[in-house]
Amino acid sequence: MNTPTQFIRSDLIDDPKTPMRSGLDIESLHELAESIKREGLINPITVRPIGERFEVVAGHRRFAACKIAGMVEISCVVRELNDEQAQEIMAHENLERQDINPVDEALFLGRLIGENENKIKEVAEKLGRSIQWVEDRLAILTYPEYLVKAVGAGSIRLGVAKYLGAIEDDQY
């Protein structure tokens with residue numbers, strides 16, 4: 001599907017209501033903003049209409065950098081998407097990146113799957129991931145808070161957290 005781009009005023013575009021990342025690195029956003037000032041926005045962001053406004057579906061970092069760069073209009077691909085379709089596109093764009101931490105992946109997958117464990121296989125197939133990969137990420141949501149924070153901060157690897165999360169006596 002080759003959807004044409006449109007220029008949309010930046011003040012009509014909103015951040016995603018459920019972003020994939022829990023935070024954006026300010027320093028890297030400023031670097032990206034400088035690049036956009038020099039070279040322009042090479043890849044448009046993808047948005048969906050929400051009433052009279054638009055919500056970012058793909059390109060959240062680029063959108064934030066465009067605002068820092070002071071862009072009044074931003075090149076966008078506008079797609080008519082429901083919530084589930086928007087979440088799937090967001091997942092496809094972000095889950096292939098190396099800089100997404102496993103906790104953000106887990107939180108995102110948890111929202112995507114919700115309470116319906118039968119969706120695990122469907123989501124795994126749509127994302128091109130194994131069922132085990134999805135289940136491992138979802139398991140993070142059951143770990144003690146200190147373990148979730150350590151994984152999110154990169155202090156310990158997911159494999160180590162998986163074994164520590166299986167320990168039932170949490171007194172020590």
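Are Arg137 and Glu105 buried or exposed? Both are buried, where buried means under 20% relative accessible area, exposed over 50% and partly exposed in between (1.4 Å probe, protein chains only).

Some ground rules before the details. This is a predicted model, so local features need pLDDT of at least 70 and side-chain atom pairs count only at pLDDT 80 or more, while totals for chains, interfaces and linings use all residues. Residues are numbered from 1 along each chain as its sequence is written, and side-chain values use heavy atoms, with hydrogens and water left out.

1. By salt bridge I mean a side-chain nitrogen of Lys or Arg within 4 Å of a carboxyl oxygen of Asp or Glu. Arg137 sits in helix α6 (residues 131-140) and Glu105 in helix α4 (residues 102-113), so the pair links distant parts of the chain, 32 residues apart. Helices (H or I, at least four residues) and strands (E, at least two) are DSSP runs, numbered from the N terminus.

2. A search of the whole structure turns up 13 salt bridges. One of them joins the side chains of Asp14 and Arg53 at 2.8 Å, N to O. Asp14 belongs to strand β2 (residues 13-14) and Arg53 to strand β4, so this pair ties together parts that are 39 residues apart in sequence. Asp14 is partly exposed, at 30% relative accessible area, and Arg53 also counts as partly exposed, at 30%.

3. Lys126 and Glu88 have side chains that meet in a salt bridge too (2.8 Å, N to O). Here the link runs from helix α5 (residues 119-127), which holds Lys126, to helix α3 (residues 83-94), which holds Glu88, 38 residues apart. Lys126 is partly exposed at 34%, whereas Glu88 counts as buried at 18%. Both belong to a network of salt bridges that also takes in Glu84, Lys119 and Glu122.

4. Now for the nonpolar cores, meaning sets of buried Ala, Val, Leu, Ile, Met, Phe, Trp, Tyr and Cys residues joined through side-chain atoms within 4.5 Å. The largest has 18 residues, and those with the most contacts inside it are Ile8, Ile13, Ile45, Val47, Ile74 and Cys76. At least two residues each come from α1 (26-39), β3 (45-50), β4 (53-58), α2 (60-68) and β5 (73-78). The biggest contributor is α2, with four. Apart from this core lies another, of 13 residues, including Ile113, Ile120, Leu127 and Leu138.

5. Leaving out residues up to four places away in sequence, Val47 touches Ile8, Ile13, Phe54, Glu55, Val56, Val57, Cys76, Val77, Val78 and Arg79; contact means heavy atoms within 4.5 Å.

6. Gln87 lies in helix α3 and is buried, at 13% relative accessible area.

7. Which residues are buried in α5? Lys119, Ile120, Val123, Ala124 and Leu127 are. They cover an arc of only 135° around the axis, which puts them on the same side of α5; the arc is that of the directions from the helix axis to the C-beta atoms. Just after α5, Gly128 takes a positive phi of about 70°.
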